[in-house]
Amino acid sequence: MVEQHYNRLAALLLALAFLIAGTCAQAEAAYTPPPMDDFTAPLSEFGPEWPMLVTEQFAVIINPGLEVAKDGSCAIWLGNPEGNPCYLMLDIRLKDGGLLIYRTGLVAPGEGIPAVEFVPDALAVMAQGQQEVQLTVRTFELDTFVNLGDITLGAWLRYEP
């Protein structure tokens with residue numbers, strides 16, 4: 001009698017494990033890639049003075065001097081050079097605490113984002129004056145949107161409300 005009870009319990013646990021495994025597999029199949037950014041511009045609008053960072057896998061153009069205007073706009077000039085083998089996405093985080101204050105959408109090769117608009121909630125957590133931020137450039141494969149890797153750069157952001 002006790003053995004039958006344990007056999008039923010084992011069968012029930014096995015069925016539950018298969019159910020959970022099936023649910024997890026379905027969750028993985030429902031991957032949605034990040035959205036494309038709505039505010040891109042052709043790289044021809046970028047000035048020649050912006051530096052290009054080149055790694056073994058990709059290149060990125062970025063403005064190293066970030067100044068946030070009173071209206072929350074900031075000239076970031078994130079550029080994805082023509083011929084780059086990936087989409088780019090940028091996260092801007094406060095260095096102290098790592099709070100995400102801005103995330104772009106995907107930027108295709110040959111395009112860039114001239115400026116970003118910080119929302120009031122992000123402006124509320126920024127300190128007045130100069131503060132350290134982390135700029136994480138995330139890369140995504142062109143066909144599958146698989147993350148190819150990230151690179152994090154230190155930068156200074158200046159905000160005078």
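**Figure 1. Arg103 and Asp91 form a salt bridge between two strands.** Arg103 is partly exposed, with a relative accessible area of 41%. Asp91 belongs to strand E6 and Arg103 to strand E7, so the pair ties together parts that are 12 residues apart in sequence. The model shown here and in the other views is predicted.

**Figure 2. The chain as a whole.** The protein chain has two helices and 10 strands. Along the sequence their order is α-β-β-β-β-β-β-β-β-α-β-β. Of the 161 residues in the protein chain, 35% are buried. Among contacts with a separation of 6 or more, 63% join residues 24 or more positions apart. The chain exposes about 9,800 Å². Carbon and sulfur atoms supply 59% of that area.

**Figure 3. Glu132 and Lys95 meet in a salt bridge.** The structure holds three salt bridges, and the Glu132–Lys95 pair is one of them. Its N to O distance is 3.5 Å. The pair links distant parts of the chain, 37 residues apart. Glu132 sits in strand E9, while Lys95 sits in the loop between E6 and E7. Glu132 is partly exposed at 35% relative accessibility. Lys95 is also partly exposed, at 42%.

**Figure 4. Glu160 pairs with Arg158.** These residues form a salt bridge in which the closest N and O atoms are 3.2 Å apart. Glu160 has 31% relative accessibility and counts as partly exposed. Arg158 is partly exposed too, with a relative accessible area of 32%.

**Figure 5. Tyr87 and Phe145 form a stacked ring pair.** A pair of aromatic rings is described by the distance of the centres and the angle of the planes. The count of aromatic pairs comes to two. In the Tyr87–Phe145 pair, the ring centres are 5.5 Å apart and the planes meet at 5°. Planes under 30 degrees apart count as stacked, so this pair is stacked. Tyr87 lies in strand E6 (residues 86-94). Phe145 lies in the loop between strand E9 (129-141) and strand E10 (147-159). The pair therefore ties together parts that are 58 residues apart in sequence. Tyr87 counts as buried at 14% relative accessibility.

**Figure 6. Tyr102 and Phe118 form an edge-to-face pair.** The centre-to-centre distance is 5.9 Å. The angle between the planes is 75°. Tyr102 is in strand E7 (residues 100-103). Phe118 is in the loop between strand E8 (111-117) and helix H2 (120-125). The pair thus ties together parts that are 16 residues apart in sequence. Both Tyr102 and Phe118 are buried.

Figure 7. Asn80 lies in strand E5 (residues 73-80). Beyond its neighbours within four places in sequence, Asn80 is in contact with residues including Leu43, Ala59, Cys86, Tyr87 and Leu88. Val107, Ala108, Pro109, Gly110 and Glu111 are also among its contacts.

**Figure 8. Two buried cysteines, Cys74 and Cys86.** Cys74 is buried, with a relative accessible area of 1%. Cys86 likewise counts as buried, at 1% relative accessibility. The structure holds zero disulfides.

**Figure 9. Phe58 is a buried loop residue.** Phe58 is found in the loop between strand E2 (52-54) and strand E3 (59-61). Its relative accessible area is 6%, and Phe58 is buried. Phe58 and Cys86 are 28 residues apart along the chain, with their C-alpha atoms separated by 7.3 Å. Not counting residues up to four places away in sequence, Phe58 touches Leu53, Asn84, Cys86, Leu88, Val137, Thr139 and Ile151. Cys86 and Leu88 are in contact with Asn80 as well.

How values were computed:
Residues are numbered from 1 along each chain as its sequence is written. This is a predicted model: local features need pLDDT of at least 70, side-chain atom pairs count only at pLDDT 80 or more; totals for chains, interfaces and linings use all residues. Side-chain values use heavy atoms; hydrogens and water are left out. Helices (H or I, at least four residues) and strands (E, at least two) are DSSP runs, numbered from the N terminus. Contact means heavy atoms within 4.5 Å. Buried means under 20% relative accessible area, exposed over 50%, partly exposed in between (1.4 Å probe, protein chains only). Accessible areas come from the Shrake-Rupley method with a 1.4 Å probe; for residues, only the protein chains shown count as cover. A disulfide is a pair of cysteine sulfur atoms within 2.5 Å. Rings of Phe, Tyr and Trp (its six-membered ring) pair if their centres lie within 6.5 Å; planes under 30 degrees apart count as stacked, over 60 as edge-to-face and the rest as tilted. A salt bridge is a side-chain nitrogen of Lys or Arg within 4 Å of a carboxyl oxygen of Asp or Glu.
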